[in-house]
Amino acid sequence: MKYFFRKIGLLLFALFVAMTLNFFIPRMMPGDPARELIDRMQGIPPEAMESIRIAFGLDTKDTLIVQYGKYLLNVLKGELGISLSRFPTPVRDVLKIAIPWTLGLMGFATILSFFIGTILGIGAAWSRNKRWATLTVGTFIFIRSFPYFWLGLLFIYFFGFRLQVFPIGNAYSFYVQKGGWDYFLSVLYHGFLPALTITVSSLGGWILTMRNNMINVLAEDYITVALAKGLPLRRIKNLYAAKNAMLPSITSFAMSLGFVVGGGLLTEMVFAYPGVGLMLWQAVQAKDYAMMQAIFLFISVAVLIANFLADLAILLLDPRVRDSGR
Amino acid sequence: MKETLPESILECQDLVAGYELKAGFVRAVDGVSFALKRGEFLGIAGESGCGKTTLAYAVMRLFRDNAKIKSGKILFGGKDITHAPEEEIKKLRWEHISMVFQSAMNALNPVLQIGEQLTDGWLAHKRGEVREAKARALEVLKLVDIPEDRYNAYPHQLSGGMKQRVMIAMALMLQPEVIILDEPTTALDVVVQRTIIEKIQELRKTFRFSVIFITHDLSLLVEISDLLAIMYAGKIVEYGPASEVFYNPVHPYTRGLMASFPTLSGPIVRMGGIEGKPPDLIDPPSGCRFYPRCPDRHDGCDRDTPPLRQVRPGHFAACDGE
């Protein structure tokens with residue numbers, strides 16, 4: 001329990017630090033959002049301009065510390081400001097649309113990749129002298145070595161452009177009614193290629209990690225003991241070897257789940273998928289500070305929470321960790 | 001297997017086993033023969049790397065990867081198991097022959113409770129219920145003086161001595177005819193060592209299983225073994241009743257080992273050791289393997305491999321001596 005509370009304390013502290021950095025770093029960057037706004041809103045009467053500046057909070061006479069306090073309060077209330085590039089939509093509403101797409105696509109692909117990769121890794125370590133094992137590991141490590149957006153471009157070129165069996169952009173077809181079975185199918189259809197890209201290109205990492213951990217564990221004495229006990233091989237493979245070998249993999253899995261929120265920036269760009277990654281890219285292009293800040297904050301928070309969950313998972317799986325915190 | 005005849009329960013005949021490397025085959029066990037009778041206690045001593053553990057693994061057929069049995073035979077209860085299929089060996093293991101491993105620290109799965117590790121072997125062999133397995137586990141834990149409430153403990157919650165006793169309890173689960181103990185006390189301090197040895201002796205008297213006790217600590221073996229085998233560079237160089245081998249050693253290597261540890265009551269003397277290092281087992285020297293280090297060598301030692309010959313009734317040594 002002490003471990004648990006210590007981890008919670010650590011999480012809260014890290015969240016605070018992330019929010020603080022997120023406030024100060026943009027203010028240390030060159031460039032002036034007010035100037036940016038004025039350039040963008042050319043031809044708008046000065047009185048209107050003034051009220052827009054007030055709306056964005058760019059007129060402030062407050063000291064930095066007071067601004068910081070207001071910022072913290074606003075973030076806790078979920079007020080993330082107004083998007084500059086999609087004026088006058090609040091950032092929160094823009095993100096609300098983008099996040100489900102990213103979570104769905106990236107989350108699904110990451111989880112799928114982790115499970116398939118881990119299972120293949122277990123198999124590849126268990127029968128590491130067999131040809132299929134060497135072949136599988138080799139193939140996916142080879143695939144992992146090319147950039148994933150390039151793989152995405154390749155898929156788009158062949159399946160989307162040449163064969164025209166898959167769409168080349170967007171998350172769903174504009175011709176179907178939102179909600180309902182057709183819409184669901186359309187989402188699956190549009191998500192297939194990007195999900196395939198991410199899964200296939202990240203599979204190699206999971207296979208390799210799991211295989212290496214597992215081979216190390218297989219050399220442990222307790223595996224020999226399990227063999228000497230005449231246990232069924234399946235039990236040795238799953239409960240003696242894989243359970244121990246999986247502990248490090250779970251930590252990196254949780255970390256990668258954290259980064260899911262950031263979106264596969266390049267994948268979403270390549271597939272024109274309306275997720276957080278694409279949103280971030282557009283925000284950077286448009287110098288939409290509020291938007292960038294909100295996305296960065298989201299990514300940091302997600303990574304921190306994912307790490308926290310990883311710690312909890314390890315707590316459940318590894319009795320040694322459970323005790324060390326007592 | 002309930003004959004009353006004092007036939008051998010476990011026998012090795014001219015066993016050659018070792019590891020396949022790029023440089024060649026490492027003959028870690030090279031032409032070893034012995035016969036273990038029911039209820040007998042065989043001690044095997046020798047320095048690190050002499051092939052003791054390889055021998056134990058070969059007998060249990062625990063070889064993996066590049067480890068191989070090259071030639072010779074292993075007989076269990078008169079049945080040749082040298083090349084028996086894996087399924088058959090799986091049934092033999094633990095139910096008839098079990099093993100206590102060198103380092104209890106690493107021999108227990110860190111993420112499973114010891115109760116589960118005790119019962120899973122039992123359940124793999126007997127078609128019984130978990131409840132029965134648990135009852136048996138509590139019984140064997142009691143035999144090695146581990147309190148019942150430790151049944152749900154994880155390995156890291158136990159001390160080194162306790163872990164080793166859990167391993168012994170585990171080996172007793174199915175009441176095997178033979179238990180191999182591979183340096184069971186090496187990682188423990190002398191006081192704990194003593195209690196473990198006494199425990200093994202006591203259990204052996206009650207349950208009458210045969211023991212192969214492997215150690216590099218010869219002094220440990222003398223008082224507990226019936227038979228003593230001294231191994232050097234993959235070969236048994238001396239073999240016989242424990243007291244015989246201990247008090248009248250014939251082979252120069254055995255004598256060297258004896259001179260390497262002090263007596264408790266004698267005068268304080270500077271201990272002798274054995275000069276040099278054991279030979280390369282991929283390409284062993286011709287003739288007697290101990291020849292390069294032997295203080296008593298003479299012409300011809302480097303030519304012919306001396307066979308084990310009887311020096312006194314039941315006492316064999318692989319040295320023609322002088």
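In what order do the elements of chain A run from the N terminus on? They run α-α-α-α-α-α-α-α-α-α-α-α-α-α. Here are my notes on this and on chain B.

1. **Ground rules.** This is a predicted model, in which local features need pLDDT of at least 70 and side-chain atom pairs count only at pLDDT 80 or more, while totals for chains, interfaces and linings use all residues. Residues are numbered from 1 along each chain as its sequence is written, and chains are lettered from A and ligands numbered from 1 in the order in which they are written.

2. **Chain A overall.** Chain A has 14 helices and zero strands (helices are DSSP runs of H or I of at least four residues, strands are runs of E of at least two, both numbered from the N terminus). Its C-alpha atoms fill a box of roughly 85 × 60 × 40 Å along the principal axes. Of the 326 residues in chain A, 34% are buried (buried: 20 or more other C-beta atoms within 10 Å of the residue's own; exposed: 12 or fewer; partly exposed: in between; C-beta atoms are placed from the backbone). Among its contacts between residues at least 6 apart in sequence, 72% join residues at least 24 apart (contact: C-beta atoms, placed from the backbone, within 7 Å).

3. **A helix pair in chain A.** The axes of helix 5 (residues 91-126) and helix 13 (residues 289-317) of chain A come within 10 Å and cross at roughly 55° (axes are lines fitted to C-alpha atoms, for helices over the stretch in contact, and angles run from 0 to 180 degrees between N-to-C directions). The two helices are therefore oblique to each other (under 35 degrees is roughly parallel, over 145 roughly antiparallel, 65 to 115 roughly perpendicular, the rest oblique). On the helix 5 side, the contact is made by A:Val91, A:Val94 and A:Leu95; helix 13 brings A:Ala290, A:Met291, A:Ala294 and A:Phe298. By class, these residues are seven nonpolar, no polar and no charged (Ala, Val, Leu, Ile, Met, Phe, Trp, Tyr, Cys and Pro count as nonpolar; Asp, Glu, Lys and Arg as charged; the others, Gly among them, as polar).

4. **Where the chains meet.** 21 residues of chain A are in contact with 24 residues of chain B. Helix 9 (221-228), helix 10 (233-260) and helix 14 (319-324) of chain A each give two or more residues to the side of chain A that touches chain B. Helix 9 of chain A gives the most, with six residues. That side of chain A has 10 nonpolar, three polar and eight charged residues.

5. **The sheet of chain B.** Eight strands of chain B form an open sheet with mixed pairing, in the order 6-7-8-3-9-10-12-11 (two strands pair if DSSP finds at least two bridges between them). Strand 6 (97-100) and strand 11 (309-312) stand at the edges with a single partner strand each, so one side of each has no neighbour in the sheet.

6. **Strand 6 of chain B.** Strand 6 pairs with strand 7 (residues 178-182) of chain B in the parallel sense over four bridges. B:Ile97 has B:Val178 as its bridge partner, and B:Met99 has B:Ile180. Both faces of strand 6 are covered: B:Ile97 and B:Met99 on one side and B:Ser98 and B:Val100 on the other are all buried.

7. **Helix 1 of chain B.** Seven of the eight residues of helix 1 (residues 52-59) of chain B are buried, so this helix is largely enclosed by the rest of the structure. Among the buried residues are B:Lys52 and B:Tyr57. After helix 1 comes B:Arg61, with a positive phi near 55°.

Methods: Contact = placed C-beta atoms within 7 Å.
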